[in-house]
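These are my notebook entries on a predicted model. I looked up aromatic pairs, nonpolar cores and a surface patch.

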Amino acid sequence: MSTNARKNTDKTMQGPEKGPPKLRRKVKPTGEASTAAAPEKKPKAVRKTPEPAPQANKSATEHSETPEIVNPTPEMEVHHHPQLEHKPKPIKEYLLEGFMIFIAVMMGFIAENIRENIDNNEQVQQLTSQLAQDLKADTATLNEHNAGIGKTLMANDSLFYFLQQPLAKADTKKIQKFAIDSHSIWLFHPSGGAIAAIKNELHLKKFSNSKIISYIARYEEHIELIHAAQDIALVYQRNYLDPFLSLHFTPANLNAAFNNTVIPNGQMRNLTQVDMTQLAADMVLIKANTNEMIRDNKWLKEDAINLLQYVRKQYNPDEE
C-alpha cells in the first residue's frame, strides 16, 4: 500500500475534517443550450438606506422643497385635585355673605337711581327753561293782538253806526275807511314746542307729581277757543266784507286802502240803501265774534301768565 493510499484510509477512518467544507463554484454553462435549460431568475430589489442630506444644504432647501416639520405637542399632564373634605360653614358666615351681596345690590341700585335722577333733573331744567321762554313770547304776542283786536272792534262799531244813516247823508269816505279797518284780522300761533316736549316726558317724576299738566291743559283749551273765533272771523270776512268791498269800492280807492295809503275820495259804485242795511246787519255778527276773540285772548293771556308763574315757582328755570 502506497503512502497516498494510507493517508486516504486514515482520513476515512478518522471521520470528516473539522474545518467547514469549501464551496464549489458553479460554472455557468455557455451557449444556447445552457441558456434554454437554465430557468431565468429575476434580480432581487436591493433596499438602499437614504443618506442624510448634508447639514450645509438644509437651510437652502428648507423653504423650497422640504416642508417644515412641526414637532408634535407633547401630551399635557392632567393634575387631578384631591378631593378635600369641606366642613360645613357656620350659619353666621352664610348670613354674612348674604348680607354683603344684599349691600352690593342695594349700592348699585342706589347709584343707578342717583344717576337717573341727575339726568331727569337736567332734562326737566331744559324743558322748563324753554317753556318759560315760549310763554314770555306768547304773552308779548297776545298783548300785541289785544291792542290790534281792540282797534278792529272800534272800527266795527263805527262802521255799524255810519251804515245806518240815510244814503243821501251817508259819509261814504268814512264808510270805506272803517270797512277796511274791520277787514283786518289778528291770527295767534302759540310757541308750542316746549309744551309738546313736556307732554311726551310726563313720565318724569318732577312732571308726573306736579300740576303742570293741568295748567297746560287749560292753556291749550283756550288756544282752541281763540282759533275757533279766528276761523269764524275769516268766514265772515270772506262772506260779508269782501263782496261789499269788491262791489262798491272804486278800483283806485280799494287799491289805496290795501296799500295803507289815504283813500282819495268818498266815491262808491252801485251803492244802495239796501246794501248799507244788509252790511249793517252783517256787522252785528262780525262785532259779536270780535268780542269773543277779545275775551278768548284775555283768557289765554291769563293762562300763559299763570303757567309761567307756576313754572318759575316749581322748577326755577333758567330764563336767559
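Entry 1, aromatic residues. I looked up Phe162 and found it buried, because its relative accessible area of 13% is under the 20% cut-off. Its ring and that of Tyr161 have centres 5.3 Å apart and planes at 75°, so I recorded the pair as edge-to-face. Tyr161, Phe162 and Phe178 form one aromatic cluster. In total I noted 5 aromatic pairs in the structure.

I then turned to Tyr215 and Tyr310, a stacked pair with 4.8 Å from centre to centre and 20° between the planes. Tyr215 belongs to helix H8 and Tyr310 to helix H10, so this pair ties together parts 95 residues apart in sequence. Tyr215 is partly exposed at 30% relative accessibility, whereas Tyr310 is buried at 12%.

The largest nonpolar core has 24 residues, of which Leu131, Phe207, Ile212 and Tyr219 touch the most other members. I listed H4, H6 (193–200), H8 (212–248) and H10 (273–315) as helices that each supply at least two residues of this core. H10 gives the largest share, 7 residues. Beyond its neighbours within four places in sequence, Tyr219 is in contact with several residues, among them Leu135, Phe188, Ile195 and Leu300. I also noted a second, separate core of 23 residues, including Ile175 and Tyr236.

I looked up a nonpolar surface patch of about 790 Å², whose members include Leu96, Phe99, Ile103 and Ile110. Ile103 is found in helix H4 (residues 91–163) and is partly exposed, with a relative accessible area of 34%.

Notes: Residues numbered from 1 in each chain as written. Predicted model: local features only at pLDDT ≥ 70, side-chain atom pairs only at ≥ 80, totals over all residues. Heavy atoms only, no water. Patch = residues over 30% accessible without salt bridge, like charges linked within 9 Å, V, L, I, M, F, W, Y side chains within 5 Å. Areas by Shrake-Rupley, 256 points an atom, 1.4 Å probe, with all protein chains shown as cover. Salt bridge = Lys/Arg side-chain N within 4 Å of Asp/Glu carboxyl O. Helix = DSSP H or I, 4+ residues; strand = E, 2+ residues; numbered from the N terminus. Buried < 20%, exposed > 50% of the residue type's maximum accessible area, 1.4 Å probe, protein only. Core = buried A, V, L, I, M, F, W, Y, C linked by side-chain atoms within 4.5 Å. Contact = heavy atoms within 4.5 Å. Phe/Tyr/Trp six-rings, centres within 6.5 Å; stacked < 30°, edge-to-face > 60°.
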